[in-house]
Amino acid sequence: MRIPAVVATEAGLVLAFAVGRTQVSYWSESKILLRRSVDEGMTWTPAQVVAEHAGRVVDNPVPIYDPQRGRIHLLYQTDYNRCYYTYTVDGGETFAPPVDITATFEAYRAQYPWTVIAPGPGHGIVLRGGRLIVPFWMARGEGKAHRPSCVATIYSDDGGATWLPGEIVVDHSPDVPNPSETVAVELGDGSVLLNIRNESLRYRRAVAVSPDGASHWSPVTFHDALYEPICAAGLVRAKVPGSVESVLVFTNPAGRPGEKPRKNSPARPRTNLTVRLSYDDGKTWPVARPIEPEQAGYSDVAAAGEYIYCLFEHGAASDKPVHPRGIRLARFTLNWVKAG
């Protein structure tokens, strides 16, 4: 079980997605699974299969909660070379037949001859004006290689009926090596912030901003407050209960002092999963609290009502430390985080 993604609604619905793989391999046959809660995460339905294509990789679930249209959208990839779109109007009980939207990614080929594509992982976003935004990464290595890579977004202005390619945000370079798994959030002024996994030996998250989530991206910079062990992360805007204010919530493995890179890899151990709060649209992150001090990998985070929901990879297989034992959910409040 890998690649968590989570969305939540004000009505108490929480949808927790993950990928079930038949082997410990990116390229094994797999399917996307979903568990549902209708009581703010207290109880859960058994796992249901949301997407499967016999004999193929089915991975990278990217849900988008869209209250304006009464839908939860879902994108995913198969075999790292095709992308599909579906949606649910009944809270995840059923999903519409998937539609192949790979043509949107084919539009990049003249500029970027990709061999691998993957949306997310983690949830996508809907802007105040209704635009749907999904970050994704492409790689142009030989065969199945995930490197070198670049990051871009696709978007829809008609509720998912059609998807358009945005501008490439950042490509592999000595300054920002192998940017890949990316999360997005709308800022207070309506612009869109991307928070980007990368393999820089600075071990810091990279960030970029666009006025519309698709074009005119700012130069990528590194955020000194956000440690990067080289792993996926979670990011969401959460309302402060009883207030018109909101904060940004970020989750990733914050590591421990002195941890060394893994053998034959620049990546550092995935430990000390931590939640951080920003009150100024990501400029500073003054509040932090550990969620899981031991082994924890990919995470996604959702916010609704008084609760924050963090769905994360927990533990490690003894022979494959980057592959978790399973998926867990932490439910907490902003006050819990601030209490330290």
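Which residue in β23 is the bridge partner of Ala302? The bridge partner is Tyr309. The model discussed here is predicted.

- Strand β22 (residues 287-304) pairs with β23 in the antiparallel sense, over 7 bridges.
- These two strands, β22 and β23, form a hairpin with 2 residues between them. In the turn, Gly305 has a positive phi of about 60 degrees.
- Strand β23 also pairs with β24 (residues 326-332), again in the antiparallel sense and over 7 bridges.
- Strand β23 (residues 307-314) is mostly covered, with 8 of its 8 residues buried.
- Both faces of β23 are covered. Tyr307, Tyr309, Leu311 and Glu313 are buried on one side, and Ile308, Cys310, Phe312 and His314 are buried on the other.

**The sheet β1-β2-β3-β4**

- Four strands form an open sheet in the order β1-β2-β3-β4, with antiparallel pairing.
- Strands β1 and β4 (48-52) stand at the edges and have a single partner strand each, so one side of each is left without a neighbour in the sheet.
- From one strand to the next, the twist averages 25 degrees.
- Strands β2 and β3 pair over 8 bridges in the antiparallel sense. Val19 has Ile32 in β3 as its bridge partner.
- In general, strands of a sheet pair through backbone hydrogen bonds, and the pairing is either parallel or antiparallel.

**Pro4**

- Pro4 lies in strand β1 (residues 2-8).
- Buried means under 20% relative accessible area, so Pro4, at 2% relative accessibility, counts as buried.
- Leaving out residues up to four places away in sequence, Pro4 touches several residues, including Phe17, Gly122, Tyr298 and Ile327. Among the others it touches are Leu311, Phe312 and Glu313.
- Pro4 and Ile133 are 129 residues apart along the chain, and their C-alpha atoms are separated by 18 Å.

**Nonpolar cores**

- The largest nonpolar core has 23 residues. Val151, Val169, Val192, Leu194 and Ile196 touch the most other members.
- Strands β9 (116-119), β11 (132-139), β12 (149-156), β16 (192-196) and β17 (204-210) each supply at least two residues of this core.
- Apart from its neighbours within four places in sequence, Val151 is in contact with residues including Phe136, Ile168, Val169, Pro179, Leu194 and Ile196.
- A second, separate core has 21 residues, among them Leu75, Phe105, Leu132 and Phe136.

**Aromatic rings and charges**

- A pair of aromatic rings is described by the distance of the centres and the angle of the planes.
- The count comes to 9 aromatic pairs. One of them is the tilted pair of Trp27 and Tyr80, at 4.7 Å centre to centre with 50 degrees between the planes.
- Trp27 lies in the loop between β2 (14-21) and β3 (30-37), and Tyr80 lies in the loop between β6 (71-78) and β7 (82-88), so the pair ties together parts that are 53 residues apart in sequence.
- Trp27 is partly exposed, with a relative accessible area of 27%, whereas Tyr80 counts as buried at 3% relative accessibility.
- One aromatic cluster is formed by Tyr85, Tyr87 and Trp163. Arg71 lies over the face of Tyr87, at 3.7 Å from the ring centre.
- The charged end of Arg331 sits over the ring of Tyr307, 3.9 Å from its centre.

Methods:
Residues numbered from 1 in each chain as written. Predicted model: local features only at pLDDT ≥ 70, side-chain atom pairs only at ≥ 80, totals over all residues. Heavy atoms only, no water. Buried < 20%, exposed > 50% of the residue type's maximum accessible area, 1.4 Å probe, protein only. Contact = heavy atoms within 4.5 Å. Phe/Tyr/Trp six-rings, centres within 6.5 Å; stacked < 30°, edge-to-face > 60°. Lys NZ or Arg CZ within 6 Å of the ring centre and 35° of its normal. Core = buried A, V, L, I, M, F, W, Y, C linked by side-chain atoms within 4.5 Å. Pairing = 2+ DSSP bridges. Axes fitted to C-alpha atoms, helices over the stretch in contact; angles between N-to-C directions.
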